[in-house]
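This briefing is for a reader who is meeting this structure for the first time. Please look over the sequence and the model before reading on.

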Amino acid sequence: MAAETEVTWQPVTDYSISFPGDRPDAAPPINPFENFTHFGTDFGWMGPGQSRIDAHSGTIRTKPDGEWTGTWHSLAGLATEGERLFDPGDVTGFGGPEADRARVIAVTVDARGQGTLRVELSDSAKKVCWARPINLVPGERTRQRFEVPTGGLGLLKYVNWVAEPGCAVEVSSIGFEVEHRKMAPEEWLFRISLGKLRRCHDPASGLTRDRAHIPAGVFDSISSSGLHALATATAAQEGILDKETAAAEIRRTAQTMFGMQKAAGFLPHFSRRGPDGRAEIHPGTEYSTIDTSIALHSLRLAAGILDLEDVSSSVAQAVADLNFDQMTDSEGWIGHGFTQDGTTPLASKWQDWGGETALVLALEGMVPGREPRGRMEQGGRVFRGAAFIAEIQSLFYPDFDSKVPDLVSGTVWPVARRDLYERQARYVVENWPDSAAARLGLFGLSGGEAGMPGAGYTASGADIPGFRWLHPHAMIMELALTGRADLATGIRNLGRAGLLFPQGLPENMEVGLVLHNPMQGSLNAGFETLAAYHGWRRGVNDVIDEASRRDPMMRAGIHRFWTD
């Protein structure tokens, strides 16, 4: 009997997101930092008739006169990265049994106009592997759907649309229908989030891009690189990824990280590839205590899951090399890090309550022979009511479900976390009661992009009224780690909103659910992946929790909070 399947639409590009306004006289300029696809890739105009292209009310349109023109969209990495290819028979890119793979079954184009529009799939040499003409009927806007023979296409690089001479068209989006085996919502979310995270990773360097649509080595995230290692080990142990490949990737990440210049033993927040080809701190950024903690916690757990003794030993040495005395003031407050010069302390300190501070204190507790001095505020309230701050520690430690007050702040963590979860869940209903998000029970206020591409970073939270932009990673973390029983319903509601894409959740969503930012950011992808995994497995063969409980270094860290 054939396995039951589900079909989901996956946009490649929605032009109403990239170009919401009008540009009536020319093709809109493409800013590669702000204009990117839902695949975390680039796109551009093509053909000798590009002067025919302009933008109107969220569509790309062509005038009828002139030579052929159109738009290309990379399906894997940037167009210049010819070695990165897309397998339409394996959308998430994990390999493995055929039955477990998500596959493209159709190409879709949303367009209206008159004349002949052509949609095509091509390889890295720009050879067309499949094409279909669309004869547009004036006055009709429809989603044209064309089934594709996945097995015979081979590896692809581009999906394109081409307006033939005489074709006057408005194209609003192009995408795929993707079919996958029906599975528990938590497992599907883990898989699509893992795929999103892995698209940000560069196996050659061992580091993970801050966001998928930038080149490797330009702006890499140290914490995301650690999260990628942990997610990869977890997926390999679950049989989703090949163990040998996963182990090699994790070892490469450890080699690169521990070969970098540090400040008092602490790693940079962001890095770039230097002139000598080695990773170095990115100019204008800092050496960071929290990003070091996330990276080392992640690598230690990844090594424990896959029994990588060499990586475990390297992490132990990196922890032993940390100089917390240089980072801690006379009152016991640990600093956020050092400036780029590696010696000037940042002014900010972990003088608050929450999971980030807890991870820094746990890292201090791991340092052999050190009597920990780090402090944490009491009260059980996180900065601004931002969701991820209350939950991040539970990605690494199941112990924060303890109903016993911790030794550092005297807080019963499940009570404090439940309070924030409930305030977050009420926020949209109280602030935007008539919104689509309120009707579907969607929420999530946290750190991430402030709005549409180019709007910049924000730290929203339940303590501040009026935020319209929600972050799915926050909702997933709170449902998976605190809400528990409500997680499957929350995932299904994201699907009802049309946001549970096979290429992963969007960076954010506006409460009206008309707009969202398709950026594939690695940090939030890491949060989504690990939270979804715990939601899927916590309490039943959770390999991360098992590794955390048996590792003596992790136990040393948690003893800052509970000795039993």
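What follows goes from the whole chain to its sheets, a helix and some single residues.

The model is a predicted one. The protein chain holds 16 helices and 22 strands. Of its 564 residues, 61% count as buried.

**Overall form**

- A compact globule of 564 residues would have a radius of gyration near 24 Å, and the protein chain agrees with this because its own value is 24 Å.
- Taken along the principal axes, the box filled by the C-alpha atoms is roughly 75 × 55 × 55 Å.
- Among contacts between residues at least 6 apart in sequence, 72% join residues that are at least 24 apart.

**Surface and charge**

- The protein chain has an accessible surface of about 20900 Å², and carbon and sulfur atoms account for 50% of that surface.
- There are 54 positive and 71 negative side chains in the protein chain.
- The centres of these two sets of side chains lie 2 Å apart.

- Strand S3 covers residues 53-56 and strand S4 covers residues 59-62; the two run antiparallel and are joined by 4 bridges.
- Asp 54 has Arg 61 in S4 as its bridge partner.
- Between the strands of this hairpin there are 2 residues, and Ser 57 takes a positive phi near 50°.

- Strands of a sheet pair through backbone hydrogen bonds, in a parallel or an antiparallel way.
- Strand S14 (residues 270-273) runs antiparallel to S15, and 3 bridges join them.
- Within this pair, Arg 272 has Glu 280 of S15 as its bridge partner.

**The sheet of 3 strands**

- Another open sheet has 3 strands in the order S20-S21-S22, with antiparallel pairing.
- S20 (469-470) and S22 stand at the edges with a single partner strand each, so one side of each has no neighbour in the sheet.
- The antiparallel pairing of S20 with S21 extends over 2 bridges.
- Trp 469 has Glu 510 in S21 as its bridge partner.

**Helix H13**

- Helix H13 spans residues 487-496, and its buried residues are Leu 487, Ala 488, Gly 490, Ile 491, Asn 493 and Leu 494.
- The cover over these buried residues includes helix H3 (185-199), helix H11 (436-440) and helix H12 (472-483), along with S21 and H14.
- After H13 comes Gly 498, with a positive phi near 75°.

**Two loop residues with positive phi**

- Leu 513 is not a glycine, yet its phi is positive at about 60°.
- Leu 513 lies in the loop between strand S21 (508-510) and strand S22 (516-517).
- Leu 513 counts as buried because its relative accessibility is 18%, and the cut-off for buried is under 20%.
- Asn 541, also a residue other than glycine, has a positive phi near 60°.
- Asn 541 is placed in the loop between helix H14 (522-537) and helix H15 (543-550).
- Asn 541 is exposed because its relative accessible area is 54%, and exposed begins over 50%.

**The loop between H2 and S9**

- Leu 156 is found in the loop between H2 and S9.
- With a relative accessible area of 1%, Leu 156 is buried.
- Leaving aside residues up to four places away in sequence, Leu 156 touches Leu 75, Leu 85, Phe 86, Pro 88, Leu 121, Ser 122, Asp 123 and Cys 129.
- From Leu 156 to Gly 535 there are 379 residues in sequence and 34 Å in space, C-alpha to C-alpha.
- Lys 157 is in the loop between helix H2 (150-153) and strand S9 (158-163).
- Lys 157 counts as buried, at 1% relative accessibility.
- Lys 157 and Glu 83 are 74 residues apart in sequence, and their C-alpha atoms are 9.2 Å apart in space.

Definitions and conventions: Residues are numbered from 1 along each chain as its sequence is written. This is a predicted model: local features need pLDDT of at least 70, side-chain atom pairs count only at pLDDT 80 or more; totals for chains, interfaces and linings use all residues. Side-chain values use heavy atoms; hydrogens and water are left out. The radius of gyration is taken over C-alpha atoms; the globule rule is 2.2 Å times the number of residues to the power 0.38. Buried means under 20% relative accessible area, exposed over 50%, partly exposed in between (1.4 Å probe, protein chains only). Contact means heavy atoms within 4.5 Å. Accessible areas come from the Shrake-Rupley method with a 1.4 Å probe; for residues, only the protein chains shown count as cover. Lys and Arg count as positive and Asp and Glu as negative; His and the chain ends are not counted. The place of a charge is taken as NZ of Lys, CZ of Arg, CG of Asp or CD of Glu. Two strands pair if DSSP finds at least two bridges between them.
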